[in-house]
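I opened the model to look at how its parts meet. My notes follow.

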Amino acid sequence: MTKAKPKRYKPDTLLSVAGRDPQANFGIVNPPVYHASTVLFPTVAALNNARDSRFTEVFYGRHGTPTTFALEEAVAALEGGHRAIAFGSGKAAVLAALFAFLKTGDHLLLVDNAYGPTRALAKHTLARFGVEHTFYDPLIGGGIAALIQPNTKVVFTESPGSLTFEVQDIPAIAKAAHAAGAVVIMDNTWASPLFFQPFAHGVDVSVQAATKYIVGHADAMLGLVVTTAETYRTVRLAAEELGASPGPDDCYVGLRGLRTLGVRLRRHQEVGLALARWLGARPEVSRVLHPALPNDPGHALWRRDFSGASGLFGGVLEPVSDQAVAAMLDGLELFGMGYSWGGYESLAIPTEPHKMRAVSEWDPRYPCLRIHAGLEDADDLIEDLERGFERLNAMH
Ligand SMILES: *Cc1c(COP(=O)(O)O)cnc(C)c1O
């Protein structure tokens, strides 16, 4: 699709050039949206030949159209992987990655701060098919070797993990996993391909909930799995089994989102850090969970491995009633309340990490929040939060 050789360019240039070739498309800047199920072939021979090259050429709508391929090519180049496969949601991408490498009797090591629906896949869906799992402490590092069993086939990582944002030592985990012949999958949604390069840190298969920062405007669901050359075929065959393909309009929206990912993510980072620093100085806040803050336990690893921070972080309040937290959040003007994140708007929701942890301790007396810093002016957001704390204190 792309004429320029994307691998030579730095990430911000790749965001602009990857996955498009205007001269192959009447000079039009962006690739067209192809709607397709049936693809016609002129002869029986052409039909049969096409089946063999169904993953690289247009063959049948479910396997992707040129719009899908453009998105896949761009994200693979950006993340430094071999190839990418697009899905109709981030969750479908997570399932495809797990489904590709696990069968009955196998064992999965899953990080304890993994996204809730990923935990549910292990506890319910995979368990029904006879796949065992063990949750591990996000801070385990190379100590994960002690949890690897002869039937451990996958180590699933997510860093920083959902709700509590601990940073994992991915290279140390990958080293131990590879020594035992296990595949390392990473959910890289928080950092996006721009702020963490999974393949340079030993990951074999990377997952993106593109719904979040790649789409970036809260208006489409999209997932991507990026692979190495060695893992590509296994994941592609799993994707074919699952058939969870994205629609072409959503692929287009994902591609369009990529073009501005660099400017958006740096702005999310700036606004997020301003909110995190302000919250850290408030008496109502016990702890801010943000790896880019120097006093965060994950800060050294984050500095070593990441090139930036996105806008999603956590806050732990001092003990206070649920009603007081609700009074704070219900009256916020600028922060929306709802699931997902990665859009231009700020969000704040209460969270309950203690209900979603198997091996790490979370004291339920300290209410937790998840904040997504949008692209608004940080001063306005801070004023909104300040009025929120007034409501919280009035209830206390
Ligand atoms: C949202 C999310 C997913 C799932 O993505 P959907 O597109 O909502 O299915 C997976 N992993 C992480 C870390 C997420 O935040």
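Which residue forms a salt bridge with arginine 266, and how far apart are the closest N and O atoms? I looked it up: the partner is aspartate 12, and the closest N and O atoms lie 2.7 Å apart. I keep in mind that this is a predicted model.

**Entry: domains.** I checked the domain assignment next. The protein chain is given domain 1 (8–259) and domain 2 (262–395). I read 28 Å between the two domain centres, taken over C-alpha atoms. Domain 1 puts 38 residues into the contact, and domain 2 puts in 38 residues.

**Entry: buried area.** I then looked up the area. Domain 1 and domain 2 bury about 3,300 Å² between them. Carbon and sulfur atoms hold 62% of that area. I asked which three residues of domain 1 supply more of its buried area than any other three. They are Trp190, Phe195 and Tyr213, with 26% of what domain 1 buries against domain 2.

**Entry: polar links.** I went through the pairs across the interface. Two salt bridges turn up between domain 1 and domain 2. I also find 19 residue pairs in polar contact across this interface.

**Entry: the domain 1 side.** I listed the elements that touch domain 2. α1 (11–17), α5 (116–128), β3 (132–136) and α7 (192–195) each supply at least two residues to this side. α7 gives the most, with three residues. I sorted the residues of this side by type: 18 are nonpolar, 13 polar and seven charged.

Technical notes: Residues numbered from 1 in each chain as written. Predicted model: local features only at pLDDT ≥ 70, side-chain atom pairs only at ≥ 80, totals over all residues. Heavy atoms only, no water. Domains from an automatic or database assignment. Contact = heavy atoms within 4.5 Å. Buried area = accessible area lost by both parts, 1.4 Å probe. Salt bridge = Lys/Arg side-chain N within 4 Å of Asp/Glu carboxyl O. Polar contact = N/O pair within 3.5 Å; in protein donor to acceptor, adjacent residues only side chain to side chain. Helix = DSSP H or I, 4+ residues; strand = E, 2+ residues; numbered from the N terminus. Nonpolar A, V, L, I, M, F, W, Y, C, P; charged D, E, K, R; others polar.
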